[in-house]
Amino acid sequence: MFQEDKDAFLSFLETQKGYSSHTILNYCKDLESFFEFLNREDIHFYNEIDYKVIRNYLNFLDEKNFSKTTIARHISSLRSFYRYLLKEEKVSKNPMLFISNPKPDKKLPKFLYEGEVEKLLAMPKLDNPKGIREALLLEFLYSTGVRVSELCSVKIKDISFSEKSVKVLGKGNKERYVYFGKQLDELLKRYLKEARPYFEKQKNEYLFLNDSGNPLHDRRVRAIIDELLKRSCADFHISPHTLRHSFATHMLNNGADLKTVQELLGHADLSTTQIYTHISNERLRSVYLNAHPRAHKK
């Protein structure tokens, strides 16, 4: 019963909500973890699951040393699952109603300083198709601030060279436009002319292709970046999201207003974007403490 409802729920997220494969995989893992706990507790029916059972499950996650962020994600997954079950009339009560998220640890998103970004963008070798693809992936992520799932879904027809814009499909199938400048413009044209034909084995509308000629997936993007850093003996590790964080931080540091950055990032809520103001403030504080002659006097 649990498994059948889980499968139907995940299908609903994909077809009705338009969630990415990465997000759906997280929901799947969270629900599997919950069902394993229920089986361990010899619970096999929805009417046996109440507030106390949920609290015991959260204590179980805490005992496994899961971070507060991860526990909050599990809670969110269960909330969504129960909303679906209520809608489908699979259950008559919602044990998640009075469950609150753990207070998150104050942790700022990791970003690169502008000099570090320049060092990263200079790593790919542009004398072969794979190097050009590496360079374009990094430049695209940093210049536009898109999520890696959005980057993988870009089609050639979505790019307007006259407007210097790209139409991307964000969370919940919401479309928005992001913009690019001279560096990305030149790399895009070079990739389309010199590199993409090397990867394209058959007609394909997606911009980024893997070595087999199929659309590039987010996991492969992460792997390409990891391989580049390892090959270049880089002294730092990043993910595609690090470049998104860097994009937002550098925009704000250089005078962009919060509302504009929110729209470029595709955030539904301005409060999500406000985390980057804390990064900017922390940078200002660090620069002040290091630069002002009286800031570090005893």
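Buried, for a residue in these legends, means under 20% relative accessible area. With that in hand, welcome to a set of close-up views of a predicted model.

View 1. R222, at 29%, counts as partly exposed. Elsewhere, salt bridges that share partners join K6, D7 and E32 into one network.

**View 2. R133 and D211 meet in a salt bridge that links distant parts of the chain.** Look here for the side chains of R133 and D211, with an N to O distance of 3.0 Å. R133 belongs to helix α6, which covers residues 129-144. D211 sits in the loop between α8 (182-199) and α9 (218-231), and the two partners are 78 residues apart.

**View 3. A salt bridge between K155 and E205 brings two loops into the picture.** Between K155 and E205, the closest N and O atoms are 3.3 Å apart. K155 lies in the loop between α7 (148-153) and β1 (159-160), and E205 in the loop between α8 and α9, so the pair ties together parts that are 50 residues apart in sequence. E205 is partly exposed, its relative accessible area being 41%. To set this view in context, a search of the whole structure finds 17 salt bridges.

**View 4. F161 and F180 form an edge-to-face aromatic pair.** How many aromatic pairs does the model have? The count comes to 19 aromatic pairs, and one of them is shown here: the rings of F161 and F180 are 6.3 Å apart, centre to centre, with 80° between their planes. F161 lies in the loop between β1 and β2 (165-169), while F180 lies in the loop between β3 (175-179) and α8, so the pair ties together parts that are 19 residues apart in sequence. F161 is partly exposed, with a relative accessible area of 26%. F180, by contrast, counts as buried at 7% relative accessibility.

**View 5. Y191 and F208 form a tilted aromatic pair.** The ring centres of Y191 and F208 are 5.8 Å apart, and their planes make an angle of 40°. This pair also links distant parts of the chain: Y191 is in helix α8 and F208 in the loop between α8 and α9, 17 residues apart. Both Y191 and F208 are buried.

**View 6. K201 lies over the face of Y198.** Find the ring of Y198 and then look for K201, which lies at 5.6 Å from the ring centre.

View 7. A disulfide is a covalent bond between the sulfur atoms of two cysteines. The structure holds 0 disulfides.

Conventions
Residues numbered from 1 in each chain as written. Predicted model: local features only at pLDDT ≥ 70, side-chain atom pairs only at ≥ 80, totals over all residues. Heavy atoms only, no water. Disulfide = S-S within 2.5 Å. Salt bridge = Lys/Arg side-chain N within 4 Å of Asp/Glu carboxyl O. Helix = DSSP H or I, 4+ residues; strand = E, 2+ residues; numbered from the N terminus. Buried < 20%, exposed > 50% of the residue type's maximum accessible area, 1.4 Å probe, protein only. Phe/Tyr/Trp six-rings, centres within 6.5 Å; stacked < 30°, edge-to-face > 60°. Lys NZ or Arg CZ within 6 Å of the ring centre and 35° of its normal.
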